[in-house]
Amino acid sequence: VKEYGAKGDGVADDYEYIQNAINNNRIVYFPEGVYCISKTIKLRSGEYVFGVGNKSIIKRLNSLTGNMIESVNWELDHGTDNHDCVVENIRIDNIALDGSYGEGCSSGNGICIYGGGTLMENVNIYNQPENGLWTEYNSYQNTIPELGNEGYFNNVRIKNCGKTGWIFNGPHDSDISNCIVGTNSRISPAVKLLY
């Protein structure tokens, strides 16, 4: 993302540079830094974003009242059983999301993905004004070939969010391991299993 102009200095708005990097590449790397965003980052099928763990932080600016990261079809498919869903195989690794809750931000979720083949590993989501992670998929099957299931979540940590830590409504047949959802639910349950 720095090759596209992102500063990662914790001050500048890097949204435009990040989205431009994603729109022009399937694999996008976040070097160490704090990347502030003022708009929602949109991910398409087959896109892979990764960083260096807790040293690659995406931070919400007060002007962002929606989701920090979402699949491109989120608004269309969210809450449906859309069998025409075309978004699949999004991967997010070694990234931290700071929702700036308590720093003037009062609305918005962390990551929202509607699609199969979701793979998320070593992701920290915290201080989201509303929900930390929201995943959904339809009732069709779409397995990750090398894993044999529709979703893979490993070492995902969700803390200090205003509402639910993780709203899980798919993908069904997901492998969920070493995940921690804690110190959330200021006004809602910590985890909602909608399946």
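1. Charged side chains. In this predicted model, the chain carries 15 positive and 23 negative side chains, and the centres of these two sets are set 8 Å apart.

2. Surface and burial. The accessible surface of the chain amounts to about 8400 Å², with 47% of that area belonging to carbon and sulfur atoms. Of the 195 residues, 52% count as buried, where the cut-off for burial is a relative accessible area under 20%.

3. Secondary structure and overall dimensions. Two helices and 16 strands make up the secondary structure of the chain. Because the radius of gyration is 15 Å, close to the 16 Å that the globule rule gives for 195 residues, the chain is as compact as a globular protein of that length. Taken along the principal axes, the box filled by the C-alpha atoms is roughly 40 × 40 × 30 Å.

4. Aromatic pairs. The count of aromatic pairs comes to seven. One that can be examined in detail is formed by phenylalanine 30 and tyrosine 35, whose ring centres lie 5.3 Å apart and whose planes stand at 85 degrees, so the pair is edge-to-face, given that plane angles over 60 degrees are assigned to that class. Both partners can also be checked for burial: phenylalanine 30 counts as buried because its relative accessibility is 1%, and tyrosine 35 is likewise buried, with a relative accessible area of 0%.

5. Aromatic cluster. Tyr29, Tyr48 and Phe50 together form one aromatic cluster, and a reader inspecting the rings may wish to view these three residues as a group.

6. Glutamine 19. This residue belongs to helix α1, which spans residues 15-24. Is the glutamine buried or exposed? Its relative accessible area is 7%, and therefore glutamine 19 counts as buried, since the cut-off is under 20%. When residues up to four places away in sequence are set aside, glutamine 19 touches Thr40, Ile41 and Lys42. As for glutamate 70, which is 51 residues away from glutamine 19 along the chain, the C-alpha atoms of the two residues are separated by 12 Å.

Definitions and conventions: Residues are numbered from 1 along each chain as its sequence is written. This is a predicted model: local features need pLDDT of at least 70, side-chain atom pairs count only at pLDDT 80 or more; totals for chains, interfaces and linings use all residues. Side-chain values use heavy atoms; hydrogens and water are left out. Helices (H or I, at least four residues) and strands (E, at least two) are DSSP runs, numbered from the N terminus. The radius of gyration is taken over C-alpha atoms; the globule rule is 2.2 Å times the number of residues to the power 0.38. Buried means under 20% relative accessible area, exposed over 50%, partly exposed in between (1.4 Å probe, protein chains only). Accessible areas come from the Shrake-Rupley method with a 1.4 Å probe; for residues, only the protein chains shown count as cover. Lys and Arg count as positive and Asp and Glu as negative; His and the chain ends are not counted. The place of a charge is taken as NZ of Lys, CZ of Arg, CG of Asp or CD of Glu. Rings of Phe, Tyr and Trp (its six-membered ring) pair if their centres lie within 6.5 Å; planes under 30 degrees apart count as stacked, over 60 as edge-to-face and the rest as tilted. Contact means heavy atoms within 4.5 Å.
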